[in-house]
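User: I would like to learn how to read salt bridges in a structural model, and I would be glad of a worked case.

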Amino acid sequence: MSTDNTRETRLRAGDAELTVDPQNGCRLTGLRIHGTELLRQGAKYGAFPMVPWCGRIELGQFRNGGERHQMPINSAPHAIHGTGRDTAWSTVRADDISAAFTYDLAEPWPYTGRVTQLVELAPDSLTLTMGVETYDNSFPAQAGWHPWFLRNLGSGGDVELAFDAEWQEERGDDHLPTGRRIAPRPGPWDDCFGMPDGVDVTLTWPGALELKVTSRAEWVVIYDEQKEAVCVEPQSGPPNGLNTLPRLVTPIDPLEISTTWTWRTLA
């Protein structure tokens, strides 16, 4: 375990090991089960918080009442995945199996507030909790996670995804939801799905490991268009949701979201 803000925080519970880099967007840089790494390695990968929005914002613009704001375009012509992943976070506390991190919202985000991420590791599970609170004015926000799970763990077959969504957000040519809800279609996906009873997605590496991603959140983006990894992204609203389904963070009503990953070995 390390709590130096310039170094990774390391947690261990049983045969599960987790590393978090607060300097690199409070990104989970490694999750090893029985010595096997589950996350794609690299500075842009692992599993990062998406906050204060998830996915794409159309043309990088959103409104809060009569005010229109422009976010930096980092996935032309849109802004994608929030600013938290590009921010250095502070380690508030850490012990062998849990840690808490924060950062204060700042430019280019136009509102003041604080984001907190709590990481709790058990021998057979990982729970992530994120909160967004305002210091002043109310503002729309989203939060979620973008894990890059390895497609193949080096033994056995490629990962298999299983989930039962009530609907799929129809995706337009601009990669944004059109506003129509359609029956879920077969992959490959870069798509958002609705699960009103909560996110529940199972990843199975045949003969190696089964991992379930669950959350009380009702939205999940599945991305499996790369050969190296697949992404299962629980989030508090759909892509472009700051415009289409705004959820206001107020002084008395912060935004909170959590997800739990539970695993069991199949070998």
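Analyst: What follows goes from the general idea to particular pairs. This is a predicted model, in which local features need pLDDT of at least 70 and side-chain atom pairs count only at pLDDT 80 or more, while totals for chains, interfaces and linings use all residues. Residues are numbered from 1 along each chain as its sequence is written, and side-chain values use heavy atoms, with hydrogens and water left out.

User: What is a salt bridge, and how many does a search of the whole structure find?

Analyst: Side chains of opposite charge can pair when their charged atoms come close. A salt bridge here is a side-chain nitrogen of Lys or Arg within 4 Å of a carboxyl oxygen of Asp or Glu, and the search of the whole structure finds 11 of them.

User: Which residue forms a salt bridge with Glu228?

Analyst: Glu228 pairs with Arg40, their closest N and O atoms being 3.9 Å apart. The pair links distant parts of the chain, 188 residues apart, with Glu228 in the loop between strands S22 and S23 and Arg40 in the loop between strands S4 and S5 (strands are DSSP runs of E, at least two residues, numbered from the N terminus).

User: Is Arg40 buried or exposed?

Analyst: Arg40 counts as buried at 16% relative accessibility, whereas Glu228 is partly exposed at 33%; buried means under 20% relative accessible area, exposed over 50%, and partly exposed in between, with a 1.4 Å probe and protein chains only.

User: Where does the partner of Asp191 lie?

Analyst: Asp191 forms a salt bridge with Arg171, with 3.0 Å between the closest N and O atoms. Arg171 lies in strand S17 and Asp191 in strand S19, so the pair ties together parts that are 20 residues apart in sequence. Asp191 is buried at 6%, while Arg171 is partly exposed at 30%.

Terms used. Helices (H or I, at least four residues) and strands (E, at least two) are DSSP runs, numbered from the N terminus.
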